[in-house]
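Let's take a walk through this structure together, one contact at a time. Have the sequence and the 3D view at hand as you read.

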Amino acid sequence: MTSADEPARPEGRAHDAARTRAEILDVATQEFARTGYDGARVDEIAARTRTTKRMIYYYFGGKEQLFAAVLDRAYEVIRDAEQRLDVDHLDPVAAIRRLAELIFDHHERHPDFIRLVSIENIRGAGHVAASDRIGRIGSPTLGTMRRILASGRESGLFTADVDAVDLHAMISSFCFFRVANRHTFGALFGRDLLAPTRREHYRTMLGDMVIAYLTAERTSG
């Protein structure tokens with residue numbers, strides 16, 4: 001028996017299945033982000049991959065489960081980036097700025113993630129709320145933020161007693177808005193928030209806003 005006649009080994013079949021699944025997810029990500037959940041068609045996704053509609057249902061079960069898998073993977077990408085972030089060698093001001101830059105860079109590089117999250121919000125976040133997988137992923141950023149905030153307060157650099165979740169919302173809202181509202185903002189105000197010539201300006205502005213908030217003098221109400 002020649003090597004060409006030998007049956008595929010289990011590890012080879014597993015590799016092929018993983019590659020097919022990844023290809024389906026790549027195309028499905030583009031399709032859901034481009035047309036929304038209601039507009040996406042499994043037939044179209046199958047036509048753009050080296051597989052069939054039946055195989056997509058075999059791997060994922062249906063359109064709803066396919067969208068869930070796409071969303072799971074999108075969240076995993078940013079969580080992986082957060083887990084790789086090393087700011088332990090930085091002072092609290094530099095560390096919180098670096099963390100904000102990470103979120104800024106990721107949102108800019110992954111516009112499909114912004115669109116997918118918008119779609120999930122339109123649908124009431126049903127999958128995110130029910131997903132054990134996303135729940136297990138959590139957000140490494142929150143733990144990092146809490147450590148940086150505690151260090152900053154202890155050293156006297158940060159004067160504000162800020163909750164990490166609130167700070168995450170502050171940073172994410174700026175980064176999300178810049179990508180999600182690019183076209184409407186540009187039409188209304190004549191400025192492209194993603195223009196390469198202004199990228200460093202906005203990246204620095206985000207860090208400046210965060211630091212200003214954390215170091216502002218607080219007065220009693």
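E108 and R178 form a salt bridge, with their closest N and O atoms 2.7 Å apart; the term stands for a side-chain nitrogen of Lys or Arg within 4 Å of a carboxyl oxygen of Asp or Glu. This pair links distant parts of the chain, since E108 belongs to helix α5 and R178 to helix α10 (residues 164–180), 70 residues apart. Helices here are DSSP runs of H or I with at least four residues, and strands are runs of E with at least two, numbered from the N terminus. R178 is buried, at 3% relative accessibility, while E108 is partly exposed at 21%; buried means under 20% relative accessible area, exposed over 50%, and partly exposed in between (1.4 Å probe, protein chains only).

A word on the ground rules: this is a predicted model, in which local features need pLDDT of at least 70 and side-chain atom pairs count only at pLDDT 80 or more, while totals for chains, interfaces and linings use all residues. Residues are numbered from 1 along each chain as its sequence is written, and side-chain values use heavy atoms, leaving out hydrogens and water.

Helix α5 (residues 92–109) also holds D105, which is 94 residues away from its partner R199 in helix α12 (residues 199–215). D105 is buried at 9% relative accessibility, and R199 is partly exposed at 21%. Elsewhere, R182 in helix α11 pairs with D192 in the loop between α11 and α12, so this bridge ties together parts 10 residues apart in sequence. Shared partners join R98, E101, D105, E108, R178, R199, E200 and R203 into one salt-bridge network. The whole structure has 19 salt bridges.

Now for the rings. There are 8 aromatic pairs, counting rings of Phe, Tyr and Trp (its six-membered ring) with centres within 6.5 Å; planes under 30 degrees apart are stacked, over 60 edge-to-face, and the rest tilted. Y58 and Y59 are edge-to-face, because their planes meet at 70°, with centres 5.4 Å apart. F185 and F189 make a tilted pair at 45°, their centres 4.8 Å apart. These two phenylalanines are 4 residues apart in helix α11 (residues 182–189), about one helical turn.

What do ring pairs link into a cluster? The members are F32, Y37 and F67. R123 lies over the face of Y37, 3.8 Å from the ring centre, and the charged end of K63 sits over the Y37 ring at 4.6 Å from its centre. Such a contact needs NZ of Lys or CZ of Arg within 6 Å of the ring centre and within 35 degrees of the ring normal.
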